[in-house]
Amino acid sequence: MEFASSSLSSSSSSFLTSEPHFIHDVFINFGGEEIGRRFVSHLQSVLLQAQVKTFISQENLQEGMKLEEQLRAIGGTKITIIVFSKSYAETTRCLLELQKIIECHETFGQIVLPVFYEIGPSDLRYQMYDFGKTLEETAHRSYSGEQLKYALSKWNHALTTAAVMTGWDVRNFRHDAELVDVIVNRVKTLLDYKDLFITEYPVGLESRVEDVIKCIQNQSTKVCMIGIWGMGGSGKTTIAKAIYNRIYREFIGKSFIENISSEGYFALQENLLSDVLKSNLEVKSVGMGRTMIENRFSRKKLLIVLDDVNHIGQLENLCGSREWFGQGTVIIITTRNVSLLNQIRVNYVYQTHLLNENESLELFSWHAFRDAIPKKEWNELARNVVVYCGGLPLALQFLGSCLCDRTIEVWENILLKLQRIPPDELLSVLKISFEDLRDTEKDIFLDVCCFFIGKERDYVTEILNGCGLHADIGITVLIERGLIKVERNNKIQMHNMLQEMEREINRQE
């Protein structure tokens with residue numbers, strides 16, 4: 001495992017290094033000019049109207065694309081629609097495309113949607129009568145000897161594999177238009193191109209997102225696990241959402257589970273399966289859920305974000321092994337507890353860094369003044385509030401919103417109050433990390449706040465051990481939770497907002 005520094009940089013504006021890189025949303029595979037003019041052209045037209053990037057084999061060949069290039073293009077497609085008809089097996093091209101489609105399905109989970117237009121699944125499975133005869137004739141026209149045996153073996157496997165896939169039989173629909181509508185709606189559901197809302201004012205976000213994407217790109221051929229670690233309110237979820245929006249189109253399936261700590265294991269497993277497979281599945285036991293995830297995801301290139309993880313069981317039951325996922329899968333975990341990331345051996349830990357002075361003033365100003373800079377007469381007060389927030393995005397957003405459209409007198413009064421006690425709404429967020437601690441760890445945190453800021457770690461550990469608080473372990477836990485930090489000179493430091501939280505806890509008690 002490596003820790004990623006915020007000093008990393010990347011000039012990349014897109015997630016390009018993973019294989020496969022998707023160029024198209026849908027490829028339509030079919031055989032026969034008549035069905036191409038009637039059904040396939042209608043289907044393609046409706047898909048394009050729905051802004052689904054679609055290409056058809058014969059169309060591209062007429063434009064001069066070589067068969068080898070077209071087969072490579074199939075590998076850059078998320079969904080393939082195969083239209084099986086009586087004339088399907090008449091051309092070698094059509095069967096070679098089918099062979100490539102099944103290869104992609106088995107390699108990285110390309111989604112395959114079969115349409116049985118003039119023949120049924122049994123014709124593909126058993127290859128008897130006219131369909132089987134046509135298949136043999138096509139093979140003999142193109143190959144002989146060992147090549148003939150190889151081609152027939154590959155085509156037989158591809159046809160029997162496609163025959164058992166869930167699809168549509170045209171005989172179950174009143175007319176072609178009804179079937180086309182059903183297919184297009186299913187494609188749109190599977191693609192689900194909807195960006196998550198991130199934040200109204202993404203100050204300082206771009207560079208942090210690039211840092212993490214750089215880490216992902218370095219692991220693009222593997223199952224990559226990235227941890228985003230930091231204290232409450234430091235922007236972990238915001239960074240994760242921005243990364244998700246940037247790269248999710250490069251994956252066969254995706255899931256972003258927010259506030260994961262509020263759900264039970266069953267519900268989490270059902271949410272993950274439903275998000276990726278776009279269907280409702282019932283999980284009857286945790287063990288069953290683990291098995292379903294492994295069986296359904298093992299060949300798929302997925303993007304999964306698990307937000308606000310606070311227990312190792314959540315990770316064990318959602319992404320317990322890299323073997324559960326296909327090559328190129330990216331799993332992003334946000335947490336306040338770095339030890340969880342160590343336990344599952346993530347590839348990188350990215351520690352969130354607080355905003356610098358300029359970023360802090362800009363973010364605060366957007367919320368307080370709806371502009372990138374403070375109004376002139378509020379400039380000094382704004383800078384005082386920014387200093388008080390210490391670069392914590394949540395504090396800057398909350399206090400900026402509280403002070404928006406208020407008079408200078410109100411600002412001065414609120415600033416005086418802030419110096420004594422943080423507002424309850426902000427305090428409740430900061431207390432999340434504290435409330436997760438055991439009683440002895442809470443005692444250590446409160447003692448450090450009161451007496452040991454700026455003291456050497458060894459000295460503090462010795463004193464607290466003498467009080468029976470097991471500080472060797474306790475201080476390590478506080479560091480892992482992002483509640484305290486040890487500087488290079490081995491002295492303990494703590495964010496100002498957390499110190500204010502400690503004073504409020506003592507006042508309430």
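Arg208 is buried, because its relative accessible area is 10%, under the 20% cut-off. The model is a predicted one. Arg208 lies in helix H9, which spans residues 205-217. Its side chain makes a polar contact with the side chain of Glu359, at 3.3 Å. Glu359 is also among the residues that Arg208 touches.

Next, look at a pair of helices. H4 covers residues 92-108, and H7 covers residues 145-163. Their axes come within 9 Å and cross at roughly 65°. The crossing of H4 and H7 is left-handed. On the H4 side, the contact involves Thr92, Leu95, Leu96, Leu98, Gln99, Ile102 and Glu106. On the H7 side, Lys154, Trp155, His157, Ala158, Leu159, Thr161 and Ala162 meet them. The residues of this contact divide into 8 nonpolar, 4 polar and 2 charged.

Now turn to the cysteines. A disulfide is a covalent bond between the sulfur atoms of two cysteines. The structure holds 0 disulfides. A disulfide needs the sulfur atoms within 2.5 Å.

Are Cys450 and Cys389 buried or partly exposed? Cys450 is partly exposed, with a relative accessible area of 40%. Cys389 has 0% relative accessibility, so Cys389 counts as buried.

Key
Residues numbered from 1 in each chain as written. Predicted model: local features only at pLDDT ≥ 70, side-chain atom pairs only at ≥ 80, totals over all residues. Heavy atoms only, no water. Axes fitted to C-alpha atoms, helices over the stretch in contact; angles between N-to-C directions. Helix = DSSP H or I, 4+ residues; strand = E, 2+ residues; numbered from the N terminus. Left-handed = near helix turned anticlockwise from the far one by under 90°. Contact = heavy atoms within 4.5 Å. Nonpolar A, V, L, I, M, F, W, Y, C, P; charged D, E, K, R; others polar. Buried < 20%, exposed > 50% of the residue type's maximum accessible area, 1.4 Å probe, protein only. Polar contact = N/O pair within 3.5 Å; in protein donor to acceptor, adjacent residues only side chain to side chain. Lists of a residue's contacts leave out its neighbours within four places in sequence.
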